[in-house]
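This report describes a protein model, with attention to its fold, its surface and its aromatic rings.

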Amino acid sequence: MLLTVSAAVFFGAVLLVMLRQKAVPLGGALVAALFGFYLASTGVAPAVNAAVVNLVRALPGAH
């Protein structure tokens, strides 16, 4: 649960920075957010979550 909240805050902050830098238009950000929202309600959500968790766990060991 903590990783999910931390990831949501992190990606929200990245999205905010991208919007402020005009790296992504507001419409594109809305589409990306809606895609993530609907993706989370599908059967693939546990696989995506597991992949992100495994990636985060592997990062400290990567040299």
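The model is predicted. The protein has three helices and zero strands, and along the sequence these elements follow the pattern α-α-α. Of the 63 residues in the protein, 6% are buried. The accessible surface comes to about 5,200 Å², and carbon and sulfur atoms account for 77% of that area.

One nonpolar patch on this surface is made by F10, F11, V14 and M18 and covers about 380 Å². F10 has its place in helix 1, which spans residues 2–20. Both F10 and F11 are exposed.

F10 and F11 also bring the description to the aromatic rings. A pair of such rings is described by the distance of the centres and the angle of the planes. The structure holds two aromatic pairs, and both values are listed for each pair in the table.

| Pair | Centre to centre | Angle between planes | Geometry |
|---|---|---|---|
| F10 and F11 | 5.2 Å | 65 degrees | edge-to-face |
| F37 and Y38 | 5.3 Å | 80 degrees | edge-to-face |

The planes of F10 and F11 stand at 65 degrees. Because an angle over 60 degrees counts as edge-to-face, the F10 and F11 pair falls in that class. The F37 and Y38 pair, with 80 degrees between its planes, is edge-to-face as well. Are F37 and Y38 buried or exposed? F37 is exposed, and Y38 is exposed too.

Terms used. Residues are numbered from 1 along each chain as its sequence is written. This is a predicted model: local features need pLDDT of at least 70, side-chain atom pairs count only at pLDDT 80 or more; totals for chains, interfaces and linings use all residues. Side-chain values use heavy atoms; hydrogens and water are left out. Patches are made of residues with over 30% relative accessible area and no salt bridge: like charges are joined within 9 Å, nonpolar side chains (Val, Leu, Ile, Met, Phe, Trp, Tyr) within 5 Å. Accessible areas come from the Shrake-Rupley method with a 1.4 Å probe; for residues, only the protein chains shown count as cover. A salt bridge is a side-chain nitrogen of Lys or Arg within 4 Å of a carboxyl oxygen of Asp or Glu. Helices (H or I, at least four residues) and strands (E, at least two) are DSSP runs, numbered from the N terminus. Rings of Phe, Tyr and Trp (its six-membered ring) pair if their centres lie within 6.5 Å; planes under 30 degrees apart count as stacked, over 60 as edge-to-face and the rest as tilted. Buried means under 20% relative accessible area, exposed over 50%, partly exposed in between (1.4 Å probe, protein chains only).
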